[in-house]
Structure formats: structure tokens, C-alpha cells
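This report covers one structure, shown below.

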Amino acid sequence: MERLSGATVIEFDERFARDFADLNYEWIEKAYAVEEHDREILDHPIDQIIEKGGQIFFTLVDGEPAGTVALIEMSDDAFELVKMAVSPKHRGLGLSNL
């Protein structure tokens with residue numbers, strides 16, 4: 001498997017909120033169907049995830065979002081993985097191993 005150089009993982013950064021939505025919309029539209037609940041989360045990640053105690057992580061490759069994952073707090077010690085996506089050009093390169 002090819003390894004990516006220049007890849008880093010960061011916590012949510014508001015400047016990448018649109019990338020969070022775009023990456024997930026691309027994935028959902030290709031594999032499933034976008035539902036209203038998806039739109040609520042993807043179009044309002046601060047309100048729906050961050051302010052409720054959750055977190056969104058991004059994998060950046062050379063400073064650009066290549067993948068993302070979101071966790072929503074369910075209780076003091078439990079989180080639900082609710083969204084995850086990787087850009088088509090970065091799939092299969094080992095981003096999940098970072």
C-alpha cells in the first residue's frame with residue numbers, strides 16, 4: 001500500500017466546515033440517498049455536533065481536507081460515529097492508519 005507523506009489529523013476547524021459537508025455528501029449520494037437528518041448534520045456541524053459535545057476530525061494532505069470523521073456524544077463515556085468520508089482521489093492510501 002502506498003503511504004502518504006504530508007498527511008496530518010486535526011480537530012474541527014470552522015474553515016473546513018464546507019469540506020466536511022462536501023466529502024460526506026459525495027459519499028452518501030454515491031452509496032445511499034441523502035436524508036433530511038444528513039442535511040441537518042452536514043449543513044450545521046457546529047450546532048449539531050461540536051456544541052453538543054461531539055468532535056469532527058479531518059485528515060489533511062498537504063493542507064487540504066482529504067478525509068473526515070464525526071463523533072456525536074451519546075453519554076459521558078460513549079460516542080457514536082455518525083459521518084465519515086474520504087475523497088475519491090485519496091481512497092486506498094492508508095489515511096485510516098494515521
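The sections below cover the basis of the values, then the helices, the rings and selected residues.

## Basis

The model is predicted, so local features need pLDDT of at least 70 and side-chain atom pairs count only at pLDDT 80 or more, while totals for chains, interfaces and linings use all residues. Residues are numbered from 1 along each chain as its sequence is written, and side-chain values use heavy atoms, with hydrogens and water left out.

Helices (H or I, at least four residues) and strands (E, at least two) are DSSP runs numbered from the N terminus.

## Helix α2 and its buried face

Helix α2 spans residues 36-43, and Asp-38, Ile-41 and Leu-42 are buried in it. Buried stands for under 20% relative accessible area, exposed for over 50%, and partly exposed for values in between (1.4 Å probe, protein chains only). Viewed down the α2 axis, the buried residues fall within an arc of 90°, so they line one face of the helix. The arc is taken from the directions from the helix axis to the C-beta atoms. An α-helix has 3.6 residues a turn, so residues three or four places apart point the same way.

The elements that the buried residues of α2 pack against are α1 (17-31), α3 (45-48), β3 (64-75) and β4 (78-86). Contact here means heavy atoms within 4.5 Å.

## The α1 and α2 pair

The axes of α1 and α2 are 9 Å apart, and the helices pack at an angle of about 155°. Axes are lines fitted to C-alpha atoms, for helices over the stretch in contact, with angles from 0 to 180 degrees between N-to-C directions. The two helices, α1 and α2, are therefore roughly antiparallel. The classes are roughly parallel under 35 degrees, roughly antiparallel over 145, roughly perpendicular from 65 to 115, and oblique for the rest.

On the α1 side the contact involves Arg-18, Phe-20, Ala-21, Asn-24, Tyr-25 and Ile-28, and these meet Asp-38, Arg-39, Ile-41, Leu-42 and Asp-43 in α2. By class, the residues of the α1 contact with α2 are six nonpolar, one polar and four charged. Ala, Val, Leu, Ile, Met, Phe, Trp, Tyr, Cys and Pro count as nonpolar, Asp, Glu, Lys and Arg as charged, and the others, Gly among them, as polar.

## Aromatic rings

One aromatic cluster is formed by Phe-12, Phe-16 and Phe-58. The count of aromatic pairs is two. Rings of Phe, Tyr and Trp (its six-membered ring) pair if their centres lie within 6.5 Å; planes under 30 degrees apart are stacked, over 60 edge-to-face, and the rest tilted.

## Strand residues and a loop residue

Ile-56 lies in strand β2 and is buried at 0% relative accessible area. Beyond its neighbours within four places in sequence, Ile-56 has contacts that include Glu-11, Phe-20, Ile-50 and Thr-68. Thr-68 belongs to strand β3 and is buried as well, at 6%.

Asp-62 sits in the loop between β2 (55-61) and β3. Asp-62 is exposed, at 63% relative accessibility. Its phi is near 50°, a positive value in a residue other than glycine.
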